[in-house]
Amino acid sequence: MQRFLSKTAINSINQEHSDLQLSKLPNALLENARKAASQQVYRRSENTIKSYSSAWNNFTQFCQIHGFNSLPAIPEVVLAYLGQEMTRLHIGNFNGEPSARQLSNSAISIRVAAIRHFHIEHGFNTPTNHPEIIKSLEGFRRNHYRQLMYDEKKPLLNNELEKIINVIKSESRQLIKHRDLALLTLLRAGGFRRSEIVKLTTDSLFFRGDALVVTMRFTKTNQAGKSEIKILPNDESFAPYHYVEDWLQVSGITQGPIFRSLATNGLSLKQNNKNEFPAISAADVNRILKKYLKKAGLDERQFGAHSARSGIVTQMGIDNVGIMKIQSRTGHKDLRMLATYNK
């Protein structure tokens, strides 16, 4: 995805109204300032930009309907918009039955963050800092009487994973079989998020005698690049060690992303118009899991890719694994958040 927001910030560096007044710098230092500004492109992940863009479009539509500017927006309009989003019912299918729920705290927080983000990126003061908005959000978060939009997915436990693995093993196309065995066992064993597993490369892996060691630099909760290590023992049920090893050998992948897109016939890696072999996307992970859930006779509506993450936490709890080992597996810093994954 093109990171156009940061381009705006970079271009604004030469504007006369810039608070930095860079025109006072000699040319050599001005170039250094531009280099620093170019790093702004890494401020947000692609998934965050997508979430913000969707929320921002929702806000701009609200402003257009009511005849107000969205950029810059006045606090009164933002307050009215949030009031609409906080209280209106969203019709949907929850746990298999039609129902109506209100947006969760996190969904509202994304809307607020998007408004703040777009204002700052375009050089405006954010209206979300107004005291009345801050106080309203504080009350919203503590309101226990709302019916939240919360479609809880079931954890992917050993019983379900075994059925999925048996289905994959019946696949005649070797590349698909080996890739998907490696993908889904690694996804569950490591408690990975979809966005994390698609970014793993061959450099992320170390095949130790007793375990597969996975090193990650960037995660959803670690945007500063600090290395995080997951040790996945071979003696666990459905350990991914040999599945990942087999996939790399069969596919011939020796560098770059581990999990690649396959040609339509499943007989070769898929090349794009740049003669590259692209990695699968986060959406592909969910699609692949849902496909095998259905083939295994399981209700795919009750599971999602995040079921793998809650599944390893719940399964390790069932197996009486210590809380510190579970925490090191998922990378959770807060034990209270980790507890929500134990179903």
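Strands here are DSSP runs of at least two residues, numbered from the N terminus, and two of them pair if DSSP finds at least two bridges between them. On that basis strand 3 and strand 4 form a hairpin, with two residues between them. Bear in mind that this is a predicted model.

- Three strands make up an open sheet, ordered 3-4-5, and the pairing is antiparallel.
- Strand 3 and strand 5 (228-233) sit at the edges, each pairing on one side only.
- Ignoring direction, neighbouring strands of this sheet are turned by 20° against each other on average.

**Nonpolar cores**
- The largest nonpolar core has 45 residues, and L184, L186, I197, V214, W247 and F259 are the ones with the most contacts inside it.
- Helix 7 (158-169), helix 8 (174-190), strand 4, helix 10 and helix 11 (282-295) are the elements that give two or more residues to this core.
- Helix 8 supplies the largest share, nine residues.
- Leaving aside residues up to four places away in sequence, F259 touches R179, A182, L183, L186, I197, W247, A279 and I280.
- There's also a second, separate core of 22 residues, which includes Y52, M86, V112 and I133.

**Aromatics**
- The structure holds five aromatic pairs.
- In one of them, F207 and Y241 have ring centres 5.2 Å apart and planes at 80°, so the pair is edge-to-face.
- That pair links distant parts of the chain: F207 is in strand 3 (residues 205-208) and Y241 is in helix 10 (residues 241-251), 34 residues apart.
- Buried or exposed, where does Y241 fall? Y241 is buried, with a relative accessible area of 9%, whereas F207 counts as partly exposed at 28% relative accessibility.
- Elsewhere, one aromatic cluster is formed by W56, F59, F62, Y81 and F118.
- K230 lies over the face of F192, at 5.2 Å from the ring centre.

Definitions and conventions. Residues numbered from 1 in each chain as written. Predicted model: local features only at pLDDT ≥ 70, side-chain atom pairs only at ≥ 80, totals over all residues. Heavy atoms only, no water. Phe/Tyr/Trp six-rings, centres within 6.5 Å; stacked < 30°, edge-to-face > 60°. Helix = DSSP H or I, 4+ residues; strand = E, 2+ residues; numbered from the N terminus. Buried < 20%, exposed > 50% of the residue type's maximum accessible area, 1.4 Å probe, protein only. Lys NZ or Arg CZ within 6 Å of the ring centre and 35° of its normal. Core = buried A, V, L, I, M, F, W, Y, C linked by side-chain atoms within 4.5 Å. Contact = heavy atoms within 4.5 Å. Axes fitted to C-alpha atoms, helices over the stretch in contact; angles between N-to-C directions.
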